Amino acid sequence: MDPLTQKVQKEYQKLASGYDEDWHGYLKATHQPALELLVPKDSDRILDASAGTGIFAKYIRLLANPELTLIDISDEMLAIAQKELRETDRVIIKRMDVHSLDLPLDYFNKIITISSFHFYKDPERVINEFKKVLTQNGQIIIIDWDSEFWYFKIFLKVLKFTGRPLAKTFTLQEMIILLEEHGFSIVQKRRWNYWLWPLMGIKAVRRTKPADQ
């Protein structure tokens, strides 16, 4: 695990116990659009990457009963997920780094990552890892911060100055380009704000092999 990822891990170990309560408003502002893009179904095999406390999996379960795999690098966050989802069937919870997935190839038809992409040290590698475990025509849904706006760029510099373990924060267009360059076609895109916090959501589909070549 690289130093930046280790720093993220340590930060969320400290935040885990009060995370869902402390960030309730922000989580609601990101999870509802995520559900609208994900559209979970009973037949889905969903990978929730950087799943944290598993709160989003609980929201999924209110709509459908898909097979869920939750991964995260924080043992403390996953311990909460284990407790919250202990009576839920068809759920697998594993400690795992998105930069190196130990999961079945061509298995998941949907992958979602919420408010985590800006922590990924090597975004291209992560997209390729997701692609390996995603079925042909499978979907990837990314919810993250949108660095398009000047005031948010200043805020990000302040966060980095204070030692937050940020990697790269994308604009919506940069995220679209990243996905398209790695064999995905954009299906939906949207922007919204949580107070002054700019957010974006993208749903993309893994193209068939002939289109990848």
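Reply: Let us begin with the space inside this predicted model, where the largest cavity holds about 420 Å³. By the rule applied here, which takes in cavities of 30 Å³ or more, the count comes to one.

Me: Which residues are closest to the centre of the largest cavity?

Reply: A cavity is read through the residues that line it. Here 26 residues line the largest cavity, and those closest to its centre are Ser 50, Ala 51, Gly 52, Asp 72 and Ser 116. Helix 1 (3-15), helix 3 (24-38) and helix 4 (55-61) are the elements that each give two or more residues to this lining, and the largest share, four residues, comes from helix 1.

Me: How many residues of the lining are nonpolar, polar and charged?

Reply: The lining of the largest cavity divides into 14 nonpolar residues, nine polar ones and three charged ones.

Me: And how should I read a nonpolar core?

Reply: In soluble globular proteins, nonpolar side chains tend to be buried together. In this model the largest nonpolar core has 37 residues, and those with the most contacts inside it are Leu 38, Phe 56, Ile 60, Leu 70, Ile 112, Ile 143 and Trp 145. Helix 3 gives the largest share of this core, six residues. Apart from it lies another core, of 28 residues, which includes Ile 71, Met 96, Ile 140 and Met 175.

Me: Which residues is Ile 60 in contact with, leaving aside its neighbours within four places in sequence?

Reply: With those neighbours left aside, Ile 60 is in contact with Leu 35, Leu 38, Pro 40, Ile 46, Pro 66 and Leu 68.

Terms used: Residues numbered from 1 in each chain as written. Predicted model: local features only at pLDDT ≥ 70, side-chain atom pairs only at ≥ 80, totals over all residues. Heavy atoms only, no water. 1 Å grid on protein atoms, 1.4 Å probe; cavity = no way out; pocket = protein on both sides within 12 Å on 5 of 7 lines; lining within 4 Å. Points joined across faces, edges and corners; volume = space filled by probe spheres on them. Nonpolar A, V, L, I, M, F, W, Y, C, P; charged D, E, K, R; others polar. Core = buried A, V, L, I, M, F, W, Y, C linked by side-chain atoms within 4.5 Å. Buried < 20%, exposed > 50% of the residue type's maximum accessible area, 1.4 Å probe, protein only. Contact = heavy atoms within 4.5 Å.
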